[in-house]
Amino acid sequence: MQSRIEELLEKVIFQSRWLLAPFYLALILGLVALFAKMLKELFGMFNTLITGDGNLIIAILGMVDVTLVANLLLIVIFSGYENFISKLDIAHQSVDKPSWMGKVSYADLKLKLIGSIVAISAIDLLKAFMNIKSTDHTELAWLIGIHLTFVVSGVLFAVMDRIAAGSPKH
């Protein structure tokens, strides 16, 4: 009796991983929203180019920022699904398959996430530096502090993963 209950409990726990699927679908909708944001940034860039109002470099950095966030979402969607739900059966599409697919572990995912966050933060900091005359110094100090926090966190994640990789497995 106890083994049947345990078996049922384990089956329910194992199948509960599918509760994550709607989260990944929502992230795909977020990717669509980011595409709309990219179109807005693109039209803003052309407007800047035509009217001469604003800074073209800032407009391009906005597009880079949106692209980095979209890349981050894609990495989370693919590797999260493969790590926590099920392997993607795309063997027949191996020509277009990104080289990292199926090879990103949870530790790699953490490092890719923090690396993307640092890059996004650096872009925002660069935007602030490009508008240094109109940027509040307190806001700039906060941006620098937050960026340095992300950098230090990334280094600590990498060090922790290096230590964990060198320790015997349990």
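This is a predicted model: local features need pLDDT of at least 70, side-chain atom pairs count only at pLDDT 80 or more; totals for chains, interfaces and linings use all residues.
Side chains of opposite charge can pair when their charged atoms come close. In this structure there are four salt bridges, and the sections below walk through several of the residues involved.

## The overall fold

The protein is built with five helices and zero strands, so its pattern along the sequence reads α-α-α-α-α. Along the principal axes, the C-alpha atoms fill a box of roughly 75 × 35 × 30 Å. The radius of gyration of the protein is 21 Å, whereas a compact globule of 170 residues would have one near 15 Å.

How much of the protein is buried? Buried residues account for 24% of the 170 residues. The accessible surface comes to about 12000 Å², and carbon and sulfur atoms contribute 70% of that area. Contacts reach across the sequence as well: among those between residues at least 6 apart, 68% join residues at least 24 apart.

## A pair within helix α2

Lys 37 and Glu 41 bring their side chains together in a salt bridge, with 3.1 Å from N to O. Both residues sit in helix α2, which covers residues 21–51, and because they are four residues apart there, about one helical turn separates them.

Are these two partners buried or exposed? Lys 37 has a relative accessible area of 36%, so it is partly exposed. Glu 41 has a value of 17%, which falls under the 20% cut-off, and Glu 41 therefore counts as buried.

## A bridge between two helices

Another salt bridge joins Lys 110 to Asp 161, whose closest N and O atoms are 3.6 Å apart. This pair links distant parts of the chain, since Lys 110 belongs to helix α4 (residues 106–130) and Asp 161 to helix α5 (residues 137–166), 51 residues apart.

Which residues are linked in a network of salt bridges? They are Asp 65, Asp 124 and Lys 127. Within this group, the side chains of Lys 127 and Asp 124 meet in a salt bridge of 3.8 Å, N to O. These two residues lie in helix α4, and because they are three residues apart, about one helical turn lies between them.

Lys 127 is partly exposed at 21% relative accessibility. Asp 124 is also partly exposed, with a relative accessible area of 30%.

Finally, take a look at the start of the chain. Glu 6 is located in helix α1, which spans residues 2–15. With a relative accessible area of 43%, Glu 6 is partly exposed.

How far apart are Glu 6 and Arg 17 in space? Their C-alpha atoms are 18 Å apart, and the two residues are eleven apart in sequence.

How values were computed:
Residues are numbered from 1 along each chain as its sequence is written. Side-chain values use heavy atoms; hydrogens and water are left out. Buried means under 20% relative accessible area, exposed over 50%, partly exposed in between (1.4 Å probe, protein chains only). The radius of gyration is taken over C-alpha atoms; the globule rule is 2.2 Å times the number of residues to the power 0.38. Contact means heavy atoms within 4.5 Å. Accessible areas come from the Shrake-Rupley method with a 1.4 Å probe; for residues, only the protein chains shown count as cover.
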